[in-house]
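Please look at the sequence and the structure shown here before reading on.

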Amino acid sequence: MKKYGFGVDIGGTTCKIGLFETAGQIVEKWEIPTDTREEGKNILADIAASLSEKMAERKIGKDEIEGIGVGIPGPVKPDGSVSVCVNLGWKNRNIPEELGKLMDGILVKAGNDANVAALGEMWQGGGKGCKSLVMVTLGTGVGGGIIIDEKIVAGAHGAGGEIGHITVNPHENISCNCKRKGCLEQYCSATGLARLARERLEQEHEESLLDQVENVTAKDVFDAYKKQDKTAGEIVEKFARILGQALSNIACVADPEIFVLGGGVSKAGEVLLKAVEQPFREKAFPSCADTRFALASLGNDAGMYGCVRLILE
């Protein structure tokens, strides 16, 4: 195994780049702008220039680099190619092939950003020590990543791990961002939890701390919940029931050792885990009922860590 590897987590605004030792330690991290003009034609060239500059600065030779892992915000096929990536403007691009040529033949592997984040949490984060996990990212939407026997489950169409779009309410009238209705994301993302709160506050309820908040957020709900506010408790209970039951269904298929919860909502901490574990265990298939829960610990660096782990497979 060579000494170094690069992790490149491409976002719609910036590319987060990390130089790592392949043993798992991050050496340095930095960001460059993501140039999405002209169908993102300059993105890979900009990344290659930044990596080459860093190698020259640190006097690292090509023969010391194990490879470059790349996280992409969209479906990625098993060979690392992308049919379409709306956020970057890409269509029909083979990332390992193109970036590999720009980097003089250094090994390049690519994966979906949520999947590589899950791989990072397995390697050096909340799921360290486990070989099979499901990561659930509770942010503006609900993302996910499934790792089985240390391998990403990407699926035939690169859509493996899109757990935010599991249908949890077939009677929903409002459309999700994916144009379907009743997706998990509509209830258990940060925006979904805020929506549950607004709906509950519009109904008759006891006096609540949330009545004093003009635009209720997920953080407001959990802050009130921690103060034993009854209405907040009802909102969190509904949120946790929906999420716990969805995860119990996922467990029947993936049977992970652990669920790792990340994203903005996970900042609620241990109270989130306790709230979700109870409905999960009530609905889980008996063989899966003891599945562990943990909080993600790598934050925004998870994708970079996972990209490096990708090249070590």
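In what order do the strands of the open sheet lie, and what kind of pairing do they have? In this predicted model, the open sheet has 5 strands in the order β3-β2-β1-β4-β7, and the pairing is mixed.

**Antiparallel pairing**
- Strand β2, made of residues 14-21, is joined to β3 by 7 bridges, and these two strands run antiparallel.
- Within this pair, T14 has P33 in β3 as its bridge partner.

**Helices on the sheet**
- Helix α2, residues 43-57, packs on the sheet and touches β1 (4-10), β2, β3 and β4 (65-72), while its direction makes about 145 degrees with that of β3.
- Helix α4, residues 113-124, also packs on the sheet, where it touches β1, β4 and β7, and its direction makes about 105 degrees with that of β7.

**Strand β4 and its parallel partners**
- Strand β4 is mostly covered, since 8 of its 8 residues are buried.
- β1 and β4 run parallel and are joined by 5 bridges, and the bridge partner of F6 in β4 is I68.
- β4 and β7 also run parallel, with 5 bridges joining them, and here V70 stands opposite A110 in β7.

Key: Residues are numbered from 1 along each chain as its sequence is written. This is a predicted model: local features need pLDDT of at least 70, side-chain atom pairs count only at pLDDT 80 or more; totals for chains, interfaces and linings use all residues. Side-chain values use heavy atoms; hydrogens and water are left out. Two strands pair if DSSP finds at least two bridges between them. Helices (H or I, at least four residues) and strands (E, at least two) are DSSP runs, numbered from the N terminus. Contact means heavy atoms within 4.5 Å. Axes are lines fitted to C-alpha atoms, for helices over the stretch in contact, and angles run from 0 to 180 degrees between N-to-C directions. Buried means under 20% relative accessible area, exposed over 50%, partly exposed in between (1.4 Å probe, protein chains only).
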